Amino acid sequence: MADEEAEQDRCAQSATSAAIVALRERLQELATSLKDSPDTPEQSASQYCQDFCQTLVEYAGRWRIEQDPLPLVEVYTVALLSYAHAAPCLSSQCENVSIVLERLVLSCVELLLSLPEHIPVTLWEEFQSSVKAAHTLLQENGISQLHMLHVVAQESGVWSHAMLSAILSKETAETEKVNEFLALEGPVLLEMRTKHLIKENQVEKAALLAKACSEYPGFEGKGHFKQTYLVCLCATAAQEPLMQELSKVDCRDALEMICNLESDGDDKGALCLCSAFLTRQLLQGDMYCAWELTLFWSKLLKRLESSAQAFLDRCRQMSLLSKTVYHILFLIKVIQSEMENVGLPVCIELCIRALQMESDDSRNTKATICKTISCLLPSDLEVKRACQLTEFLLEPTVDSYYAVETLYNEPDQKFEEESLPVPNSLRCELLLVFKTQWPFDPEFWDWKTLKRHCLALMGEEASIVSSIDELNDSENPEGADDEEILKGNDVYKDQSSLVIELSGMHKRT
């Protein structure tokens, strides 16, 4: 069995050696054709770049990075040196010349970052020698695009730099030395390192490196290290330290980071960061950028979460963190936008929670909730009456009184549980919460009784209602009752004043 495996290894090595020889010969042919081309320098350079890329794809495609990366190192080593030798014949007027070299370098770095820790010494030394020679040749032609690879080739391995090891292991190091290392590597290489670490599920190490890069003044405006650091932190840190770190970032900057992640195709990272910042706003009761964050969060969540139930559950969870009614109203708005009727019961649940919350602006916020509920359940007369009565009790004006009167004078609806848009238990819970906001329970009252109680709460404005009623119907039988109320029904006035004061909903004069 061992002999068979050894024989297979020898065959594989032989095939690899033969392929590398063939690649070298093919690239040499391309270089010769470039020198002898009768076309213009720009045309010949363009043709060379096209043939070079096709050849590289053909040979590199024989091995997979995940399974057998070492032969690919040989392929890139040969390709880099061959391209550098051809550089003097490549016209700078051809834009493909720099593009091909840039992509060649990036592909090579990506390959090197994924190599196993122990690379055969002979292979690494060959790579170092080739990169050094290619870098020198290209520099002679004013091309510095091989700098990143040249930096990597200075060490005994891709991850072996002492300062890099210190950063990743959280060792204390002099700031000056750290900055020297970061400046040497450059933002592109360091960003590739952090992305590779995240890909390999080494998120804590990625966070350490991204944090060091984000704190280096020389990288200001370069790379997305801050957002990478925060995304890593979202995945690894406990809530308290995470919230402390997020509090240092302006929400406008956070939105830009989220947009960057989405543009890069990292919806998962964008949602993670957006969720963290929205959570911070909810916990702190902060309205700054709250709507933008909620909207962005819902769009990303809907994109990544195909289950409607999972989406609604996440909205419920967020609502439990909310310290303000307006945050809950934002969640209701996105549920309506993304889920429509499917999300209606959850919207009512959130309205119930909002009605039970205390607020510095209780009267206005509760009135807004009532209007929201009326819009959510427009065909439920009993609920609409409860909403309008609550609005009247919050601010007993003539207009709000007549709005109540209009609804209570409509014919009662026939109650059919099977046709309700929300479960009856939830509807009953909503009505019970409304009753906790009222100084009386008008469930079994007729309009005449309810009217008397409403007028008692209106104070001097009740006289306006009485006057209007007398003009509309000079023979109004309720006129005497109204007149009695206007003269002063102390019982109702005392009762209403007490309830309004306890609810914090009285008018400030």
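Author: Start with the term. On a 1 Å grid over the protein atoms alone, a pocket is an open set of points with protein on both sides within 12 Å along at least five of seven lines. A residue lines the pocket if it has an atom within 4 Å of a point. Grid points are joined across faces, edges and corners, and the volume is the space filled by probe spheres set on the points.

Reader: What should I know about the model itself?

Author: The model is predicted; local features need pLDDT of at least 70, side-chain atom pairs count only at pLDDT 80 or more, and totals for chains, interfaces and linings use all residues. Residues are numbered from 1 along each chain as its sequence is written, and side-chain values use heavy atoms, with hydrogens and water left out.

Reader: How much space lies in the largest pocket?

Author: First the idea. Rolling a probe the size of a water molecule over the atoms shows where empty space is left. Here, the largest pocket holds about 920 Å³. It has 32 lining residues, and Leu-113, Ser-114, Leu-115, Trp-159 and His-196 are the closest to its centre.

Reader: Which elements give two or more residues to the lining of the largest pocket?

Author: Helices are DSSP runs (H or I, at least four residues), numbered from the N terminus. Those elements are α4 (95-113), α5 (121-140), α7 (162-168) and α8 (175-199). The largest share, seven residues, comes from α8.

Reader: How do the residues of the lining divide into nonpolar, polar and charged?

Author: Ala, Val, Leu, Ile, Met, Phe, Trp, Tyr, Cys and Pro count as nonpolar; Asp, Glu, Lys and Arg as charged; the others, Gly among them, as polar. The lining of the largest pocket has 15 nonpolar, eight polar and nine charged residues.

Reader: How many salt bridges does the rule count?

Author: A salt bridge is a side-chain nitrogen of Lys or Arg within 4 Å of a carboxyl oxygen of Asp or Glu. The count is 18. One of them joins Arg-193 to Glu-185, with the closest N and O atoms 2.7 Å apart.

Reader: Is Arg-193 buried or exposed?

Author: Buried means under 20% relative accessible area, exposed over 50%, partly exposed in between (1.4 Å probe, protein chains only). Arg-193 is buried, at 1%. Glu-185 is buried too, at 5%.

Reader: Which salt bridge links distant parts of the chain?

Author: Lys-299 and Glu-338 meet at 2.9 Å, N to O. Lys-299 is in helix α14 (residues 290-304) and Glu-338 in helix α16 (residues 325-339), 39 residues apart. Lys-299 is partly exposed at 38%, whereas Glu-338 is buried at 17%.

Conventions:
On a 1 Å grid over the protein atoms alone, a cavity is a set of points where a 1.4 Å probe fits but cannot get out, and a pocket is an open set with protein on both sides within 12 Å along at least five of seven lines; lining residues have an atom within 4 Å of a point.
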